[in-house]
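Here is a set of questions and answers for reading one protein model. Please look over the sequence and the structure before going through them.

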Amino acid sequence: MRRLLPLLCLLFGLLPAAPAAADGSVARAKDFSRRAAKAYRAKRFQEALELFKSANALVPHPNLEVNIGRSYEQLDQPESAMIHCRLAMQAPDAPRRTRQAAKECVARL
């Protein structure tokens, strides 16, 4: 979990900027992400999973894929966790730290 917190913090600065006409999708995604991080820290992994997925549906990002994978991992669903960690690892726009976190996730699984 200690490694997740820096990744969650990075997320807020890494979501792509969007035009104002994007009807608040980025703001809603950030809100979902903040709530998901709080739920994850409180070990409410199913709630965190749903919130991370909601954020990713609005503004897809490799950090969210890693966090979705880690949530599945905590819910003892390794196949689903592996899918999302691999997606993050293979994302062409994944930051180096995100790609490393995804590789660690895949290695654990």
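This is a predicted model: local features need pLDDT of at least 70, side-chain atom pairs count only at pLDDT 80 or more; totals for chains, interfaces and linings use all residues.

Q: What percentage of the residues of the protein count as buried?
A: A residue counts as buried when its relative accessible area is under 20%. The protein has 109 residues, and the share that count as buried is 41%.

Q: What share of the accessible surface of the protein belongs to carbon and sulfur atoms?
A: The accessible surface of the protein comes to about 6000 Å². The part of this surface that belongs to carbon and sulfur atoms is 54%.

Q: Are H4 and H5 roughly parallel or roughly antiparallel?
A: Helix H4 covers residues 62-74 and helix H5 covers residues 78-90. Their axes come within 7 Å and cross at roughly 160°. Angles over 145 degrees count as roughly antiparallel, so H4 and H5 are roughly antiparallel.

Q: How do the residues of the contact of H4 with H5 divide into nonpolar, polar and charged?
A: On the H4 side the contact includes Pro 62, Val 66, Ile 68 and Tyr 72, as well as Glu 65, Gly 69 and Glu 73. On the H5 side are Ser 80, Ala 81, His 84, Cys 85, Leu 87 and Ala 88. The residues of this contact divide into eight nonpolar, three polar and two charged.

Q: Are H4 and H6 roughly parallel or roughly antiparallel?
A: Helix H6 covers residues 96-108, and its axis lies 9 Å from that of H4. The two helices pack at an angle of about 25°. Angles under 35 degrees count as roughly parallel, so H4 and H6 are roughly parallel.

Q: Which residues of H6 make the contact with H4?
A: H4 passes H6 in a left-handed crossing. From H4, the contact is made by Pro 62, Asn 63, Val 66, Arg 70 and Glu 73. From H6, the residues are Thr 98, Ala 101, Ala 102, Cys 105 and Arg 108.

Q: Is His 84 buried or exposed?
A: His 84 is in helix H5. Leaving out residues up to four places away in sequence, His 84 touches Glu 65, Val 66, Ile 68, Gly 69 and Tyr 72. Its relative accessibility is 18%, and the cut-off is under 20%, so His 84 counts as buried.

Q: What is the C-alpha to C-alpha distance between Pro 60 and Val 26?
A: Pro 60 is in the loop between helix H3 (45-58) and H4. With 59% relative accessibility, Pro 60 counts as exposed. Pro 60 and Val 26 are 34 residues apart in sequence, and their C-alpha atoms are apart in space by 10.0 Å.

Q: What is the phi of Lys 43?
A: Lys 43 is found in the loop between helix H2 (25-41) and H3. Lys 43 is exposed, with a relative accessible area of 59%. Although Lys 43 is not a glycine, its phi is positive, at about 65°.

Q: Is Asp 76 buried or exposed?
A: Asp 76 is in the loop between H4 and H5. Asp 76 is not a glycine, yet has a positive phi of about 60°. Its relative accessible area is 65%, and the cut-off is over 50%, so Asp 76 is exposed.

Conventions:
Residues are numbered from 1 along each chain as its sequence is written. Side-chain values use heavy atoms; hydrogens and water are left out. Axes are lines fitted to C-alpha atoms, for helices over the stretch in contact, and angles run from 0 to 180 degrees between N-to-C directions. Helices (H or I, at least four residues) and strands (E, at least two) are DSSP runs, numbered from the N terminus. Angles under 35 degrees count as roughly parallel, over 145 as roughly antiparallel, 65 to 115 as roughly perpendicular and the rest as oblique. Contact means heavy atoms within 4.5 Å. Ala, Val, Leu, Ile, Met, Phe, Trp, Tyr, Cys and Pro count as nonpolar, Asp, Glu, Lys and Arg as charged, and the others, Gly among them, as polar. Buried means under 20% relative accessible area, exposed over 50%, partly exposed in between (1.4 Å probe, protein chains only). Accessible areas come from the Shrake-Rupley method with a 1.4 Å probe; for residues, only the protein chains shown count as cover. A crossing is left-handed if the near helix is turned anticlockwise from the far one by less than a right angle, and right-handed if clockwise.
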